[in-house]
Amino acid sequence: MSRRRQPPHLIWVKPKYNKETGALRANGYWAIADGTKRIGTGFGLESRADAEKARLDYEVKLYAEQSAAEIVAEHGKAVRDVLVTDLIKFYVERHQKQIEAKSKDRLRDYLNTVERLIKFWAGKTVYDVNEKTLAEYQQKARPVKPLSDNHARRELQDLKAMIHFGIKKGLCELNGHVIDWELPEPPEARAEFYTKAEAAMLVKTAYRAKNMAIGGPRGYRTSKHLARFILIGLYTGTRSEKIEQASYKNSDDRPWMDIDNGIFYRGGVANKSPLNKRADPVRIPDQLLAHLRRWAKEGSDNVIEHNGKPGSTRRGFFSLKKEVFSEERAKVVNRHTLKHTCASWLMQKRVPLNVIASYLSTTEEVILKHYGHFSPDFHAEVNDAMKADRQVRIEKAKRQAARLRAA
């Protein structure tokens, strides 16, 4: 039986050297392999994310004349006929703008996910999606080591969305077939938070980091953007990518810090954030607003800027937490812990539940479930009832003692 043709994928074309002199003749580069064709992307080894985007663009153009829907129609719409990779490609085609709008880090991660999905499910039909193959994906999708339960769950949820989108659009007809979506169990919710001392140490360490080789006698502050990122996260509980993308200038496609009126439009004025990741506007606390107004005087439109561009904080924060904390502590905290910290500190200050929920763009149920125990009033009624019961017993004992003395 002949092997199915692989979908377009990236390959590394090695550098070429002169056999006699050893001189470099041609640099290595990422190329798109499509059957026997090799299409250069123009990107070198360290630009894998850009090469992935070039591959995605190539695939979309490849199906510009004949869409994945037409290809599916040619093969048939039954679960044994529809290739999983065709539904993946169809989903990517229809969501190209949303995919390209992702931040650089999230785009890279998503493209890596799409590549793993396409490579593993190549040649398999919707009928082949079951408990066995899903478990096999977790073990084999990444050559180096199996995916963690949480990682595999996220990627397989992406696959589920892609297949269900194809079914919804009529590309696949189940006709009574039930897809066995046996995904790894979600991890237990963890609400780690930073103490005041830990938060202060993160900010201080980030702000004081310097490269003395540049920037004159005082050196160049290499992690100033991280210190600012941490302060905004602690004060507003905003998601990392919203802080990284924030601008002092009002534009359609970026979150906006309105420092004149003290409002942070976390989803931009149009607020196009997904419903499951709400990013409603919030008031900027006075202490943070004073910082922002001072930072804005530096002249950049970017709130978090590193090397002249909106600053990515993912790697920098990872290095920072390893420098500040013990190995054990560094494993359980991350950038998202800033949001948990904001919520827990507000609970400790007895801010009303509905106000915290609105401020963090979530529900009262979520706040109560994950942060309710931080409130000084947590189960206060139970404590008061037990104290009252103890007081009743004390008073009763006093009366009995008084009667005995009187007798």
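Trainee: How much accessible surface does the chain have, and what share belongs to carbon and sulfur atoms?

Mentor: About 24500 Å², with 50% belonging to carbon and sulfur atoms. Those areas come from the Shrake-Rupley method with a 1.4 Å probe. Keep in mind that this is a predicted model, where local features need pLDDT of at least 70, side-chain atom pairs count only at pLDDT 80 or more, and totals for chains, interfaces and linings use all residues. Residues are numbered from 1 along each chain as its sequence is written, and side-chain values use heavy atoms, leaving out hydrogens and water.

Trainee: What makes a residue of α5 count as buried?

Mentor: Buried means under 20% relative accessible area, against over 50% for exposed and in between for partly exposed (1.4 Å probe, protein chains only). Over the chain, buried residues make up 39% of the 407 residues.

Trainee: How do you know that the span of α5 is close to the expected one?

Mentor: The expected span is 1.5 Å times one less than the number of residues. Helix α5 (104–121) has 18 residues, for which 26 Å is expected, and it reaches 26 Å from first C-alpha to last. After α5 comes Gly-123, with a positive phi near 85°.

Trainee: Why are β4 and β5 called paired?

Mentor: Two strands pair if DSSP finds at least two bridges between them. Four bridges join β4 (29–34) to β5, running antiparallel, so the pair qualifies. Asp-34 stands opposite Lys-37 in β5.

Trainee: What makes β1 and β5 edge strands?

Mentor: The open sheet has the order β1-β4-β5 with antiparallel pairing. Both β1 (9–13) and β5 (37–40) pair on one side only. Neighbouring strands are turned by 40° against each other on average, direction ignored; the axes behind such angles are lines fitted to C-alpha atoms, with angles from 0 to 180 degrees between N-to-C directions.

Trainee: Why is the set around Met-257 called a nonpolar core?

Mentor: Because a nonpolar core is a set of buried Ala, Val, Leu, Ile, Met, Phe, Trp, Tyr and Cys residues joined through side-chain atoms within 4.5 Å. The largest has 44 residues, and Met-257, Ile-232, Leu-292 and Val-303 are among those with the most contacts inside it. Its largest share, seven residues, comes from α9. A second, separate core of 35 residues includes Tyr-91 and Phe-165.

Conventions
Helices (H or I, at least four residues) and strands (E, at least two) are DSSP runs, numbered from the N terminus.
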